[in-house]
Amino acid sequence: AVKLDPTSFETLYDPAFAGYLWNGLAGRRLASEALVRLICFEPLHPNAYRTWRDFELDKKGSEILKVDKMLENFLKTHPDSASWWVDLAGDRFYLGRTSLALQTLDKMASANPNYISPAIPLLRARCALDGGDTRGFHENYQKAVLTAESTGDFTLLFRQAEPLFTPACYRMWEKCQTASSRAVF
(Lines give C-alpha, C1' and ligand atoms only; values in the text may rest on other atoms or scores of the structure.)
Protein backbone atom coordinates (compact mmCIF):
# COMPACT_ATOMS: atom_id res chain seq x y z
CA ALA A 1 0.00 0.00 0.00
CA VAL A 2 2.87 2.38 0.78
CA LYS A 3 4.43 1.69 -2.62
CA LEU A 4 1.14 2.41 -4.40
CA ASP A 5 0.37 5.61 -2.51
CA PRO A 6 3.38 6.87 -0.52
CA THR A 7 1.65 10.16 0.30
CA SER A 8 -1.45 8.69 1.92
CA PHE A 9 -1.36 9.56 5.60
CA GLU A 10 -3.41 6.55 6.67
CA THR A 11 -1.33 4.24 4.49
CA LEU A 12 1.74 5.38 6.39
CA TYR A 13 0.16 5.28 9.84
CA ASP A 14 -1.35 1.79 9.56
CA PRO A 15 1.98 -0.05 8.98
CA ALA A 16 3.50 1.92 11.83
CA PHE A 17 0.78 0.84 14.20
CA ALA A 18 1.04 -2.76 12.93
CA GLY A 19 4.82 -2.62 13.38
CA TYR A 20 4.45 -1.79 17.05
CA LEU A 21 1.97 -4.62 17.48
CA TRP A 22 4.37 -7.02 15.76
CA ASN A 23 6.68 -6.63 18.73
CA GLY A 24 9.93 -7.54 17.01
CA LEU A 25 12.88 -5.41 15.94
CA ALA A 26 11.80 -5.57 12.28
CA GLY A 27 8.33 -4.39 13.27
CA ARG A 28 9.72 -1.50 15.31
CA ARG A 29 12.00 -0.48 12.41
CA LEU A 30 9.03 -0.54 10.03
CA ALA A 31 6.99 1.50 12.50
CA SER A 32 9.69 4.09 13.01
CA GLU A 33 10.38 4.53 9.30
CA ALA A 34 6.69 4.85 8.47
CA LEU A 35 6.08 7.35 11.26
CA VAL A 36 9.05 9.48 10.26
CA ARG A 37 7.75 9.64 6.68
CA LEU A 38 4.28 10.51 7.94
CA ILE A 39 5.58 13.17 10.35
CA CYS A 40 7.56 14.80 7.56
CA PHE A 41 4.47 14.84 5.27
CA GLU A 42 1.94 15.84 7.91
CA PRO A 43 3.32 16.79 11.34
CA LEU A 44 -0.16 17.29 12.79
CA HIS A 45 -1.48 13.85 11.84
CA PRO A 46 -3.23 12.64 15.00
CA ASN A 47 -0.86 10.70 17.23
CA ALA A 48 1.93 10.19 14.68
CA TYR A 49 4.47 12.58 16.21
CA ARG A 50 3.72 11.69 19.85
CA THR A 51 3.71 7.96 19.04
CA TRP A 52 7.15 8.19 17.43
CA ARG A 53 8.51 10.51 20.11
CA ASP A 54 7.25 8.56 23.12
CA PHE A 55 7.29 4.92 22.00
CA GLU A 56 10.16 4.56 19.56
CA LEU A 57 13.14 3.65 21.70
CA ASP A 58 15.54 2.91 18.84
CA LYS A 59 15.52 6.19 16.94
CA LYS A 60 18.24 6.36 14.31
CA GLY A 61 20.28 9.57 14.06
CA SER A 62 19.13 10.00 10.46
CA GLU A 63 15.48 9.73 11.55
CA ILE A 64 16.01 12.27 14.32
CA LEU A 65 17.59 14.67 11.82
CA LYS A 66 14.64 14.29 9.42
CA VAL A 67 12.11 14.92 12.17
CA ASP A 68 14.17 17.85 13.49
CA LYS A 69 14.20 19.44 10.03
CA MET A 70 10.42 19.16 9.99
CA LEU A 71 10.29 20.65 13.51
CA GLU A 72 12.45 23.60 12.47
CA ASN A 73 10.13 24.36 9.55
CA PHE A 74 6.99 23.76 11.58
CA LEU A 75 8.12 26.01 14.44
CA LYS A 76 8.71 28.90 12.05
CA THR A 77 4.96 29.08 11.52
CA HIS A 78 3.85 27.63 14.89
CA PRO A 79 6.23 29.19 17.45
CA ASP A 80 3.70 28.61 20.24
CA SER A 81 4.28 24.82 20.10
CA ALA A 82 6.46 24.95 23.21
CA SER A 83 6.79 21.24 23.87
CA TRP A 84 8.05 20.71 20.31
CA TRP A 85 10.77 23.32 20.93
CA VAL A 86 11.82 21.31 23.97
CA ASP A 87 11.82 18.10 21.91
CA LEU A 88 14.01 19.78 19.29
CA ALA A 89 16.41 21.04 21.96
CA GLY A 90 16.57 17.56 23.50
CA ASP A 91 17.37 16.00 20.14
CA ARG A 92 20.13 18.50 19.57
CA PHE A 93 21.61 17.68 22.97
CA TYR A 94 21.32 13.95 22.25
CA LEU A 95 23.17 14.46 18.94
CA GLY A 96 26.03 16.25 20.75
CA ARG A 97 25.02 19.79 19.80
CA THR A 98 24.85 21.22 23.32
CA SER A 99 25.20 24.91 22.44
CA LEU A 100 22.53 24.56 19.74
CA ALA A 101 20.27 22.84 22.29
CA LEU A 102 20.66 25.83 24.64
CA GLN A 103 19.96 28.27 21.80
CA THR A 104 16.80 26.33 20.97
CA LEU A 105 15.64 26.53 24.59
CA ASP A 106 16.26 30.28 24.53
CA LYS A 107 14.16 30.64 21.34
CA MET A 108 11.41 28.59 22.94
CA ALA A 109 11.48 30.78 26.06
CA SER A 110 11.18 33.98 24.04
CA ALA A 111 8.32 32.56 21.92
CA ASN A 112 6.53 31.02 24.93
CA PRO A 113 7.42 33.00 28.07
CA ASN A 114 4.59 31.46 30.11
CA TYR A 115 5.39 27.82 29.30
CA ILE A 116 6.47 25.96 32.42
CA SER A 117 7.86 22.45 32.37
CA PRO A 118 10.49 20.66 34.44
CA ALA A 119 11.90 19.41 31.12
CA ILE A 120 13.42 22.84 30.45
CA PRO A 121 15.64 23.25 33.52
CA LEU A 122 16.38 19.51 33.44
CA LEU A 123 17.73 19.81 29.89
CA ARG A 124 19.65 22.95 30.88
CA ALA A 125 21.14 20.95 33.77
CA ARG A 126 22.25 18.18 31.40
CA CYS A 127 23.80 20.78 29.06
CA ALA A 128 25.65 22.37 31.99
CA LEU A 129 26.97 18.97 33.09
CA ASP A 130 28.05 18.20 29.53
CA GLY A 131 30.05 21.44 29.57
CA GLY A 132 31.68 20.61 32.91
CA ASP A 133 29.68 23.25 34.80
CA THR A 134 28.71 21.38 37.97
CA ARG A 135 27.36 24.52 39.65
CA GLY A 136 25.12 25.23 36.63
CA PHE A 137 24.02 21.60 36.71
CA HIS A 138 23.08 21.80 40.38
CA GLU A 139 21.22 25.12 40.01
CA ASN A 140 19.24 23.95 37.00
CA TYR A 141 18.51 20.56 38.53
CA GLN A 142 17.11 22.29 41.61
CA LYS A 143 14.97 24.46 39.32
CA ALA A 144 13.70 21.28 37.67
CA VAL A 145 12.74 19.85 41.07
CA LEU A 146 10.98 23.09 42.07
CA THR A 147 9.17 23.24 38.74
CA ALA A 148 8.08 19.61 39.10
CA GLU A 149 6.84 20.40 42.59
CA SER A 150 4.81 23.40 41.37
CA THR A 151 3.35 21.53 38.38
CA GLY A 152 3.08 18.12 40.04
CA ASP A 153 4.84 16.55 37.03
CA PHE A 154 7.75 14.40 38.19
CA THR A 155 7.72 12.12 35.13
CA LEU A 156 11.06 13.20 33.62
CA LEU A 157 12.85 13.47 36.95
CA PHE A 158 11.62 9.99 37.86
CA ARG A 159 12.78 8.55 34.51
CA GLN A 160 16.22 10.11 35.00
CA ALA A 161 16.63 8.68 38.51
CA GLU A 162 14.88 5.34 38.02
CA PRO A 163 17.98 3.39 36.89
CA LEU A 164 19.50 4.14 40.30
CA PHE A 165 16.50 3.00 42.32
CA THR A 166 16.73 -0.01 44.56
CA PRO A 167 13.56 -1.83 45.63
CA ALA A 168 13.70 0.19 48.87
CA CYS A 169 13.81 3.43 46.84
CA TYR A 170 10.71 2.37 44.91
CA ARG A 171 8.88 1.74 48.17
CA MET A 172 9.94 5.15 49.50
CA TRP A 173 8.78 6.84 46.28
CA GLU A 174 5.40 5.12 46.47
CA LYS A 175 4.93 6.47 50.00
CA CYS A 176 5.36 10.04 48.74
CA GLN A 177 1.80 11.23 48.23
CA THR A 178 2.30 14.98 47.84
CA ALA A 179 4.30 17.07 45.37
CA SER A 180 6.38 18.51 48.21
CA SER A 181 7.27 15.06 49.57
CA ARG A 182 8.24 13.94 46.07
CA ALA A 183 10.40 17.06 45.65
CA VAL A 184 12.19 16.25 48.94
CA PHE A 185 12.66 12.65 47.82
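This is a predicted model: local features need pLDDT of at least 70, side-chain atom pairs count only at pLDDT 80 or more; totals for chains, interfaces and linings use all residues.
Me: How do the residues of the lining of the largest pocket divide into nonpolar, polar and charged?
Reply: Residues are numbered from 1 along each chain as its sequence is written, and side-chain values use heavy atoms, leaving out hydrogens and water. Here Ala, Val, Leu, Ile, Met, Phe, Trp, Tyr, Cys and Pro are nonpolar, Asp, Glu, Lys and Arg are charged, and the others, Gly among them, are polar. Sorted that way, the lining splits into 11 nonpolar, 5 polar and 11 charged.

Me: How much space lies in the largest pocket, and which residues are closest to its centre?
Reply: A pocket here is an open set of points on a 1 Å grid over the protein atoms alone, where a 1.4 Å probe fits, with protein on both sides within 12 Å along at least five of seven lines; lining residues have an atom within 4 Å of a point. The space in the largest pocket comes to about 1,000 Å³. Of its 27 lining residues, the ones closest to the centre are Arg53, Asp87, Gly90, Leu156 and Arg159.

Me: Which helix supplies the largest share of the lining of the largest pocket?
Reply: Helices are DSSP runs (H or I, at least four residues) and strands are too (E, at least two), numbered from the N terminus. At least two lining residues come from each of α3 (48-55), α5 (82-94), α7 (119-130) and α9 (155-161). With 7 residues, the largest share belongs to α5.

Me: How many charged residues are in the lining of the second largest pocket?
Reply: This pocket holds about 200 Å³ of space, and its lining includes Phe154, Phe158, Phe165, Trp173, Arg182 and Phe185. The helices α8 (134-151), α9 and α11 (179-184) each give at least two residues to that lining. It has 11 nonpolar residues and no polar ones, and the number of charged residues is 1.

Me: Which residues are in contact with Ile39, leaving aside its neighbours within four places in sequence?
Reply: Contact means heavy atoms within 4.5 Å. By that rule, and with those neighbours left out, Ile39 is in contact with Ala48, Tyr49, Trp52, Val67 and Met70.

Me: Why does Met70 count as buried?
Reply: Met70 sits in helix α4, and beyond four places in sequence it contacts Ile39, Cys40, Pro43, Tyr49 and Trp84. Buried means under 20% relative accessible area, exposed means over 50%, and partly exposed is in between (1.4 Å probe, protein chains only). Met70 counts as buried because its relative accessible area is 7%.

Me: Is Ser81 buried or exposed?
Reply: Ser81 lies in the loop between α4 and α5. Leaving aside neighbours within four places in sequence, its contacts are Phe74, Leu75 and Asn112. Its relative accessible area is 18%, so Ser81 is buried.

Me: What is the relative accessible area of Ala125?
Reply: Ala125 is in helix α7 and touches Phe137, Asn140 and Tyr141, not counting residues up to four places away in sequence. Its C-alpha atom is 8.4 Å from that of Ala144, 19 residues away along the chain. Ala125 is buried, with a relative accessible area of 0%.

Me: How far apart in space are Arg37 and Ala48, C-alpha to C-alpha?
Reply: Arg37 is in helix α2 and counts as partly exposed, at 36% relative accessibility. In sequence, Arg37 and Ala48 are 11 residues apart, and in space their C-alpha separation is 9.9 Å.

Methods:
Grid points are joined across faces, edges and corners, and a volume is the space filled by probe spheres set on the points.
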